[in-house]
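Welcome, and thank you for taking a look at this one. Here are a few notes to read alongside the structure, point by point.

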Amino acid sequence: MPAKEYECVRYETLKADKYGYIKLDLNLYSTSPRYAQGKVLVRISYNKVEILNDDHHLVVSHSRLYGQYRKSMKWQPYLNLMAKRPTALKYTSFYDQLPEEWKSYFGACTVPEKPEALKLLSIILKDHDFSVITKALVIASEHGHPSVDAIKQVFYQLINGRGIRSDIKPNISLPKLPEATRGLGHYDQLHKGVDA
């Protein structure tokens, strides 16, 4: 038996169109905006189509499509480009495919927040799917609209096993504290006393 498993693949050099798609067996696969109108090396197996850069490093991997005239889109390589024009986000098919939590988040974002959120997604989606980053968004949103840094912090806590901690239950009873009141009503009462 051979020491290494035989890799049953073939390689082809294909030219991407102006949107960065390559055509293989009448199906389209996304590459990256930087390869628009350029050539890429494609590693093809029975179940995967992998786009490689000049150094033979993976750019993006697709499940192989069977049939014809189908399209596989991986958005991660395009997110940094979208970050340059964040106001156009709502008009992309990427936006249509977002989980509802992210649509709501982007709807509440300021213009400067959108590119930062897109850059964060670009980094996360390289190695993870939407499930954990969406969970991080939901947790970070518990106290209102979160910053991108807050979402990022919760995400890394979740994947590193340092997620949400349970409430601390002290062994001794704590002293009763007076209830704190918020607002400026007590200043109005002081002002009334001065007028009298």
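1. Let us begin with the largest nonpolar core, which has 28 residues in this predicted model. Phe94, Trp102, Phe106 and Ile151 are the residues with the most contacts inside this core. Two or more core residues come from each of these elements: helix H1 (79–84), helix H2 (93–97), helix H3 (100–108), helix H4 (113–124), helix H5 (130–140) and helix H6 (148–159).

2. Once its neighbours within four places in sequence are set aside, Trp102 is in contact with Leu121, Phe130, Ile133, Thr134, Leu137 and Ile151. Ile151 is, with Trp102, among the residues with the most contacts inside the core.

3. Now for the helix pair H3 and H4. Two packed helices are described by the angle between their axes and the distance between the axes. For H3 and H4 the angle is about 150°, and the axes lie 9 Å apart. Angles over 145 degrees count as roughly antiparallel, so H3 and H4 are roughly antiparallel to each other. Their crossing is right-handed. On the H3 side, Trp102, Tyr105, Phe106 and Ala108 make the contact. H4 answers with Glu113, Lys114, Ala117, Leu118 and Leu121.

4. Helix H4 also holds Ser122. Is Ser122 buried or exposed? Its relative accessibility is 5%, and buried means under 20%, so Ser122 counts as buried. Leaving out residues up to four places away in sequence, Ser122 touches Gln76, Leu79 and Asn80.

5. Please look at the strands as well. An open sheet is formed by 4 strands, in the order E1-E4-E5-E6, with antiparallel pairing. Which strands stand at the edges? They are strand E1 (10–15) and strand E6 (58–63); each has a single partner strand, so one side of each is left without a neighbour in the sheet. On average, and with direction ignored, neighbouring strands of this sheet are turned by 25° against each other.

6. Within that sheet, the pairing of E5 and E6 can be followed residue by residue. Strand E5 covers residues 48–52 and pairs with E6 in the antiparallel sense over 5 bridges. Across this pair, Ile51 stands opposite Val60 in E6.

7. A last stop is a return to the nonpolar cores, the largest of which has 28 residues. Apart from that core lies another, of 14 residues, and Tyr29, Val49, Val59 and Val60 are among them.

Methods: Residues numbered from 1 in each chain as written. Predicted model: local features only at pLDDT ≥ 70, side-chain atom pairs only at ≥ 80, totals over all residues. Heavy atoms only, no water. Pairing = 2+ DSSP bridges. Axes fitted to C-alpha atoms, helices over the stretch in contact; angles between N-to-C directions. Core = buried A, V, L, I, M, F, W, Y, C linked by side-chain atoms within 4.5 Å. Buried < 20%, exposed > 50% of the residue type's maximum accessible area, 1.4 Å probe, protein only. Contact = heavy atoms within 4.5 Å. Parallel < 35°, antiparallel > 145°, perpendicular 65-115°, else oblique. Left-handed = near helix turned anticlockwise from the far one by under 90°.
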